[in-house]
Amino acid sequence: MRRCERSRVTPNLRGAFIRTVAHISDLHFGTTDPVIIAALAERLRTLQPHLLVVSGDLTQRARRAEFQSARAFLDAIPTPRLVIPGNHDVAPWFRPLERWRAPLAGFYRYIAPDAEPFYQDDELAVAGVNSTRRNTVQAGRLNAAQVERACARLQSVPASRVRFVVSHHPFDLPSHYRGHDVVGRAELAMSSFARAGADAFLSGHLHVTHIGETTLRYRIEDYSALVIQAGTAASTRIRQEVNAWNLISVALPDLYVDRFVWHAPRRDFIVAGRDWFQRSGRQWEKKAADGSATSGNRTG
Ligand SMILES: [Fe+2]
Ligand SMILES: [Fe+2]
């Protein structure tokens with residue numbers, strides 16, 4: 001039953017995936033469209049991915065009611081999940097005492113007890129890192145201890161597993177994007193994650209879909225991982241593109257990213273396109289539909 005339902009989205013690869021990961025981000029409960037939220041939940045329930053990744057900004061103002069709505073949404077999707085906080089989930093500046101003393105209290109209370117969760121199964125290892133900071137407005141960063149811990153977790157699993165890193169703030173930006181929102185200390189972190197064999201970096205924050213390869217920003221010998229960025233799944237505060245999210249399907253040596261976008265007339269998400277990558281050693285390469293290499297291109 002599960003396999004049959006997944007094939008509705010990917011009919012040409014029926015039963016071929018060792019893992020499917022739904023990657024959503026920037027839900028921003030408090031500014032969500034209820035029609036879109038309902039459609040998103042139904043899609044996720046139907047697809048039944050092996051894992052649901054939520055890369056932060058579950059709320060708009062880190063209010064209790066927003067966290068409660070986010071939790072209710074997550075609980076209605078019967079899928080293992082890995083959720084990390086975004087900068088909007090930090091107690092806001094107008095609650096200074098809470099922001100200083102317990103900036104992620106709401107996240108811990110309503111969403112998850114750990115802001116840096118780790119998921120593993122027989123095929124996949126996923127390390128979440130918390131890039132939010134209480135002393136910045138929007139910017140995020142990682143410190144050496146965080147990177148070391150995440151790398152140790154990724155290196156603790158058998159080499160055959162596919163390894164993802166999840167952060168709210170991205171490791172790369174779309175080519176047209178004007179901003180400086182790359183996660184702080186990204187260069188140092190990328191060197192460590194490369195040694196740990198990270199295959200892909202999943203993030204959000206920009207509200208713009210972006211799928212590419214690390215080689216466009218980071219020069220590390222014989223290493224090319226994927227950057228997979230989700231837009232905002234359900235917020236009405238969209239920038240440049242409609243609500244969107246990604247479905248990642250792994251069938252080594254191949255990995256596919258299906259880009260789901262909101263289609264208002266149908267009141268549903270539709271697949272806007274697919275990116276296909278193939279791994280050889282420590283390098284992922286983008287493939288065209290005919291199987292030829294197209295590395296160096298970006299979606300978004
Ligand atoms: Fe956001
Ligand atoms: Fe954000």
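How many nonpolar, polar and charged residues does the lining of the largest pocket have? The answer comes with the first view. This is a predicted model, in which local features need pLDDT of at least 70 and side-chain atom pairs count only at pLDDT 80 or more, while totals for chains, interfaces and linings use all residues. Residues are numbered from 1 along each chain as its sequence is written, ligands are numbered from 1 in the order in which they are written, and side-chain values use heavy atoms, with hydrogens and water left out.

**View 1. The largest pocket has a volume of about 270 Å³.** Its lining has four nonpolar, six polar and four charged residues. Here Ala, Val, Leu, Ile, Met, Phe, Trp, Tyr, Cys and Pro count as nonpolar, Asp, Glu, Lys and Arg as charged, and the others, Gly among them, as polar. Of the 14 lining residues, Q60, R61, N87, H88 and V137 lie nearest the centre of the largest pocket. On a 1 Å grid over the protein atoms alone, a pocket is an open set of points with protein on both sides within 12 Å along at least five of seven lines, and lining residues have an atom within 4 Å of a point. Grid points are joined across faces, edges and corners, and a volume is the space filled by probe spheres set on the points.

**View 2. Four residues hold on to the iron ion (ligand 1).** D26 (OD), H28 (NE2), D57 (OD) and H207 (NE2) coordinate this ion at 2.0 to 2.3 Å. Donors are N, O and S atoms within 2.8 Å of the metal (3.2 Å for Na, K and Ca), and since water is not among the atoms, sites may look incomplete. Along the chain, the donors follow the spacing D-x1-H-x28-D-x149-H. D57 also bridges to the iron ion (ligand 2), with the two ions 3.5 Å apart.

**View 3. V208 sits in the loop between β7 and β8 (210-213).** Strands are DSSP runs (E, at least two residues), numbered from the N terminus. V208 is buried, with a relative accessible area of 3%; buried means under 20%, with a 1.4 Å probe and protein chains only. Leaving out residues up to four places away in sequence, V208 touches P174, H176, Q229, A230, G231, R239, Q240 and E241, where contact means heavy atoms within 4.5 Å. V208 and V242 are 34 residues apart in sequence, yet 8.7 Å apart in space, C-alpha to C-alpha.

Notes:
Helix = DSSP H or I, 4+ residues; strand = E, 2+ residues; numbered from the N terminus. Buried < 20%, exposed > 50% of the residue type's maximum accessible area, 1.4 Å probe, protein only. 1 Å grid on protein atoms, 1.4 Å probe; cavity = no way out; pocket = protein on both sides within 12 Å on 5 of 7 lines; lining within 4 Å.
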